[in-house]
Amino acid sequence: MYDDDSDDYNFENDGYGGYAPPGMFNIRQVLNHQQQQFREHYSAYPIAAHMDNKADANFGGKIFMPPSALDDLTRREIVYPMLFKLQSDAPDGTRKRTHCGVLEFTAEEGRVYLPQWMMTTLGISPGTVIEVINVALLKGSM
């Protein structure tokens, strides 16, 4: 869905990402310096396979993550709200990605549960390993 990462804050290069000339104030630099990146790989499954069968969550933009992710995220100085980039590598070598929030930390360890539309967007089937990375996105404007 989103093939462009230009609105994601860059957490590499000592957290600054080179967004502004030296000595110039830039909000991206402030956020990058504070946020410690969370980057994990999980097996992805549709929300319909979740043990609590929360079918109404299938129509939103949030995922279910394991409790260990919450533990890891709370130990880091992350920017709220918690937003994530999901990435999958297609067999043809292309990388597909989308962004989401988190609804609950009730998934089994090693798994995340995604709405069906996210699975389709990423071009993945149940059990495919995806990368989940926390990001700070700029607010949208009209």
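**Close-up views of a predicted model**

View 1. Met-118 lies in helix α3, residues 116-122, where helices (H or I, at least four residues) and strands (E, at least two) are DSSP runs numbered from the N terminus. This is a predicted model, in which local features need pLDDT of at least 70 and side-chain atom pairs count only at pLDDT 80 or more, while totals for chains, interfaces and linings use all residues. Residues are numbered from 1 along each chain as its sequence is written, and side-chain values use heavy atoms, with hydrogens and water left out. Met-118 is buried, with a relative accessible area of 0%; buried means under 20% relative accessible area, exposed means over 50%, and partly exposed is in between (1.4 Å probe, protein chains only). When its neighbours within four places in sequence are left aside, Met-118 is in contact with Gly-60, Gly-61, Lys-62, Ile-63, Leu-86, Thr-98, His-99 and Cys-100, contact being heavy atoms within 4.5 Å. The C-alpha atoms of Met-118 and Phe-59, which are 59 residues apart along the chain, are separated by 9.8 Å.

**View 2. The aromatic pair of Phe-38 and Phe-84.** Searching the whole structure gives two aromatic pairs, where rings of Phe, Tyr and Trp (its six-membered ring) pair if their centres lie within 6.5 Å, and planes under 30 degrees apart count as stacked, over 60 as edge-to-face and the rest as tilted. One of these pairs joins Phe-38 and Phe-84, whose ring centres are 6.2 Å apart and whose planes stand at 75°, so the pair is edge-to-face. Phe-38 lies in the loop between α1 (27-34) and β1, whereas Phe-84 lies in strand β3 (residues 83-89), so the pair ties together parts that are 46 residues apart in sequence. Both Phe-38 and Phe-84 are buried.

**View 3. Tyr-45 with Tyr-113 and Arg-111.** Tyr-45 and Tyr-113 form an aromatic pair that is tilted, with 6.2 Å from centre to centre and 40° between the planes. Tyr-45 belongs to strand β1 and Tyr-113 to strand β5 (residues 111-114), so that the pair links distant parts of the chain, 68 residues apart. Tyr-45 is buried, with a relative accessible area of 19%, and Tyr-113 likewise counts as buried, at 0% relative accessibility. The charged end of Arg-111 sits over the ring of Tyr-45, 4.1 Å from its centre; a charge sits over a ring if NZ of Lys or CZ of Arg is within 6 Å of the ring centre and within 35 degrees of the ring normal.

**View 4. The salt bridge between Glu-131 and Arg-39.** A salt bridge is a side-chain nitrogen of Lys or Arg within 4 Å of a carboxyl oxygen of Asp or Glu, and by this rule the count comes to four. In one of them, the side chains of Glu-131 and Arg-39 meet at 2.9 Å, N to O. Glu-131 lies in strand β6 (residues 128-135) and Arg-39 in strand β1 (residues 39-46), so the pair ties together parts that are 92 residues apart in sequence. Glu-131 is buried, with a relative accessible area of 9%, whereas Arg-39 is partly exposed, with 38%.

**View 5. Salt bridges of Arg-75 and Arg-95.** The side chains of Arg-75 and Asp-71 meet in a salt bridge at 3.1 Å, N to O; Arg-75 counts as exposed at 62% relative accessibility, while Asp-71 is partly exposed at 38%. The side chains of Arg-95 and Asp-89 also meet in a salt bridge, at 2.9 Å, N to O. Here Arg-95 is partly exposed at 37% relative accessibility, and Asp-89 is exposed at 55%.
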